[in-house]
Amino acid sequence: METKSIMIVGVGGQGSLLASRIIGNVLQSQGFDVKLSEVHGMSQRGGSVVTYVKYGDKVYSPVVQKGEADIIISFEQLEAARYVEFLKKGGHIVTSTQSIDPMPVITGAAVYPEDIIGKLTAKGIDVTAVDALTLAEQAGTAKASNVVLMGVVSKKMDFNESVWQSALEACVPAKFLELNKKAFALGAQAAV
Amino acid sequence: MNKLMLGNAAFARGLYEAGCTFVSSYPGTPSTEVTEEAAKYDEMYAEWAPNEKVAMEAALGASIAGARSFCGMKHVGLNVAADPLYTAGYTGVNAGMVICVADDPGMHSSQNEQDSRHHAIASKVCMVEPSDSQECKEFTKAAFELSEQFDTPVIVRMTTRVAHSQSLVELSDRADNGLKEYKKDIGKFVMMPGNAIKRHPIVEDKLARLAEYSETSPLNRVEYNDTKIGVITSGICYQYAKEALGDKASYLKLGIVVPMPTKIIKDFASKVDKLYVIEELDPIIENHCKALGIEVIGKELFGMCGEIFQSGVREKILGEKAEVMTFDEPVPPRPPAMCAGCPHRGLFYCLSKLGVYVSGDIGCYTLGAAAPLCAMDTTICMGASISALHGYNKVRGSESEKKSVAVIGDSTFMHSGMTGLVNVAYNASNTVTIILDNSITGMTGHQQNPTTGKNLKGDPAAAVNLEELCHAIGIKSVRVADPYNMAETEKIIKEELEKDGPSVVISRRPCALLKYVKHNPPLKCNKEKCVGCKQCLKIGCPAISIHNKKMEIDHTLCVGCGICKEMCKLGAIGE
């Protein structure tokens with residue numbers, strides 16, 4: 001199988017590491033060669049963060065480049081716009097409708113674009129936009145919006161629900177498992 | 001069993017399987033997790049040292065004592081540890097000693113983009129370079145074997161993409177080597193001139209034997225496919241080249257990067273039509289090939305700066321460029337910012353308001369240089385804030401002394417800031433030093449340090465008392481401020497700037513991300529009182545924005561620190 005590429009983008013602190021680990025677990029359980037690439041350190045401090053997930057028969061480079069991503073999972077609208085250059089033609093975007101002003105917008109040096117999701121859709125891109133934050137709060141905590149988005153993504157990939165459930169069990173601490181399962185289910189429902 | 005592992009975690013697994021029993025490191029992105037993961041194996045003693053020099057000396061001591069030992073650091077950390085390294089090249093080891101140095105091409109979290117291979121060449125030790133997690137583990141084990149076989153420390157060079165990528169690793173059992181016998185050997189371990197003179201030829205001979213060994217080492221590998229294109233590469237660039245070129249090229253993958261082989265390179269070069277060297281940063285492999293009289297294409301195509309990626313290889317060698325979609329309007333950048341509730345924010349707002357010259361240092365607080373605070377004039381290296389301000393003040397005199405401060409974090413102060421403070425006291429400049437004591441090493445992801453009262457394993461440890469230390473150094477005026485109370489902090493800094501004689505202000509408040517720190521409920525803006533004056537935006541809090549001309553606080557980010565409340569003269573911000 002040809003190598004497939006997923007990008008998880010968002011704002012430092014939104015929980016993209018857990019998301020990548022859940023997807024990584026799913027892919028490994030299906031017998032794929034898998035590589036994940038994370039960014040630590042300075043970029044985590046509220047900056048734009050990117051995690052790459054690649055899988056196939058044999059994966060070489062752990063990073064995804066412009067025009068290569070089959071799916072972009074975005075935790076924040078502006079980040080979806082920022083990384084659209086990385087999307088492959090015919091690729092999907094799964095994004096939270098959450099918006100967080102970056103510092104240049106806060107200080108007035110730049111403007112946050114309006115109707116990002118509409119503009120991406122107008123380009124002919126298959127965009128699934130979900131209010132992950134509200135759903136996460138329904139599940140019990142705003143912090144679970146990463147897992148809500150995993151629920152959405154599970155509907156865009158061809159793996160059994162049970163595979164995702166065991167990935168959650170493997171990656172989430174036991175005391176938060178029920179909450180995260182609920183967040184995942186809400187995401188999966190919202191995707192349909 | 002195959003396990004998906006971070007390169008750094010696989011490295012730690014390699015330490016475990018190789019029977020390493022001593023680990024001493026200083027954190028630094030992207031190397032930190034090697035030591036954090038090593039600490040999870042009870043069979044290995046692991047510690048954070050105050051700096052990389054101490055860590056390397058401790059590891060060398062453990063090796064001399066007969067234990068397989070390790071120390072880890074980022075590229076700039078190796079500069080700090082260069083002194084013991086260069087002489088350890090002469091003494092050699094008893095039990096194997098392995099060093100991790102993690103370079104950061106692309107400068108994801110670093111102040112420069114130096115290539116550590118130069119250090120391996122200059123210190124005359126061996127260096128190996130893995131390209132994925134499985135190799136991180138295997139090369140680490142091989143490094144211990146090489147270290148003992150050739151009586152030398154061996155450096156395992158990591159780069160960000162190898163250190164911070166996960167890939168599948170096959171696990172093996174641990175080999176228990178026990179302690180090797182220690183035999184007193186003054187000629188080998190006491191490096192005074194008379195002995196070192198005799199060691200130098202031994203070092204040169206060791207390098208020659210290592211180079212000979214590298215001709216047949218399984219760590220260096222040739223893959224023949226189409227021979228129109230030949231690629232000599234190592235580390236992550238091997239993965240980029242394989243992804244971009246596949247079977248369209250043949251490869252010589254170097255696992256041992258210092259010293260390099262000659263015969264296999266010449267042989268490979270003779271079998272391919274066009275030869276490329278793909279390596280990030282400096283032309284080390286390229287210059288080696290050129291010195292052998294081999295024609296290669298390298299830096300003229302790929303340049304010296306940043307990362308290369310599969311796209312770079314595709315574009316430069318095959319002339320292929322990906323089709324890309326674009327967003328049709330400007331996307332505002334999202335640079336990193338101090339977190340909501342960061343205790344550094346209040347301090348930097350005071351400094352920005354006072355308009356002083358700020359001699360900065362390495363840590364989260366370097367973000368004080370970013371807009372809107374812009375409260376930093378210099379950042380050079382770990383510990384430079386205090387010493388550089390001393391020099392600045394010495395030549396600019398008392399006018400400058402009353403309008404300048406050095407800022408340095410608790411961990412950085414312990415690392416190499418205190419010697420600068422000794423210089424301030426000893427050579428008498430009226431320098432004001434602000435220690436930003438957030439009770440943790442923040443930037444690298446919350447590592448303990450000698451001031452926190454806990455060790456790497458989280459167990460209670462001796463804690464350096466910063467006030468007493470500064471007094472002992474000879475600083476008479478040492479005061480503590482709470483940066484959440486900006487009025488008081490500003491007052492203290494102003495008073496210290498006016499005083500004659502050096503002083504220290506400890507700005508003390510634990511990092512807001514620490515688990516034990518209790519947060520207040522998020523604050524809210526009373527929209528009736530808010531007039532949209534934007535005064536609250538001056539502190540650069542990521543939780544605060546203006547929508548429809550009124551202030552808004554993001555309740556998912558706000559931790560109720562109350563700094564914005566101090567900014568608002570209209571009393572519009574409350575619980």
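Helices (H or I, at least four residues) and strands (E, at least two) are DSSP runs, numbered from the N terminus. Axes are lines fitted to C-alpha atoms, for helices over the stretch in contact, and angles run from 0 to 180 degrees between N-to-C directions. The structure shown here is a predicted model, in which local features need pLDDT of at least 70 and side-chain atom pairs count only at pLDDT 80 or more, while totals for chains, interfaces and linings use all residues. Residues are numbered from 1 along each chain as its sequence is written, and chains are lettered from A and ligands numbered from 1 in the order in which they are written.

Helix H11 (residues 236–245) of chain B packs against helix H15 (residues 309–318) of chain B, with an angle of about 55 degrees between them and 8 Å between their axes. That angle makes H11(B) oblique to H15(B); here, angles under 35 degrees count as roughly parallel, over 145 as roughly antiparallel, 65 to 115 as roughly perpendicular and the rest as oblique. The crossing of H11(B) and H15(B) is right-handed, the label used if the near helix is turned clockwise from the far one by less than a right angle, with left-handed for anticlockwise. On the H11(B) side, the residues that meet H15(B) are B:Tyr240, B:Ala241, B:Glu243, B:Ala244 and B:Leu245, and their counterparts in H15(B) are B:Phe309, B:Gln310, B:Val313, B:Arg314 and B:Ile317. Contact here is a matter of C-beta atoms, placed from the backbone, lying within 7 Å. Sorted by class, this contact has seven nonpolar, one polar and two charged residues (Ala, Val, Leu, Ile, Met, Phe, Trp, Tyr, Cys and Pro count as nonpolar, Asp, Glu, Lys and Arg as charged, and the others, Gly among them, as polar).

The axes of helix H3 (residues 52–64) and helix H5 (residues 82–91) of chain B come within 8 Å and cross at roughly 30 degrees, which makes H3(B) roughly parallel to H5(B). B:Lys53, B:Met56, B:Glu57 and B:Leu60 in H3(B) meet B:Asp83, B:Pro84, B:Leu85 and B:Ala88 in H5(B). In chain B, five strands form an open sheet in the order E14-E15-E16-E18-E17, with parallel pairing; two strands pair if DSSP finds at least two bridges between them. Strand E14 (357–359) and strand E17 (477–481) of chain B stand at the edges with a single partner strand each, so one side of each is left without a neighbour in the sheet. From one strand to the next, the twist averages 25 degrees. Within the sheet, E15 (residues 404–409) and E16 (residues 432–437) of chain B pair in the parallel sense over five bridges, and B:Val405 has B:Val432 in E16(B) as its bridge partner. Helix H18 (residues 410–426) of chain B packs on the sheet, where it touches E15 and E16 of chain B, and its direction makes about 145 degrees with that of E15(B). Helix H20 (residues 486–498) of chain B also packs on the sheet, touching E15, E16, E17 and strand E18 (503–508) of chain B, with its direction at about 165 degrees to that of E17(B).

H18(B) has a helix partner too: helix H17 (residues 384–401) of chain B packs with H18(B) at an angle of about 25 degrees, their axes 7 Å apart. The two are therefore roughly parallel to each other, and H17(B) passes H18(B) in a left-handed crossing. B:Ser385, B:Ile386, B:Ser387 and B:His390 of H17(B) make this contact with B:Gly417, B:Gly420, B:Leu421, B:Asn423 and B:Val424 of H18(B). By class, that comes to three nonpolar, six polar and no charged residues. The loop between E14 and H17 of chain B holds B:Pro372, and a cis peptide bond joins B:Ala371 to B:Pro372, with omega about 5 degrees. B:Cys374 lies in the loop between E14 and H17 of chain B and has a positive phi of about 50 degrees although it is not a glycine.

Finally, the two chains meet: 49 residues of chain A are in contact with 49 residues of chain B. E2(A) gives the most to the side of chain A that touches chain B, with five residues. By class, that side of chain A has 24 nonpolar, 14 polar and eleven charged residues. Three bridges join E2(A) to strand E8 (residues 165–170) of chain B, and the two strands run antiparallel. In this pairing, A:Leu36 stands opposite B:Gln166 in E8(B).
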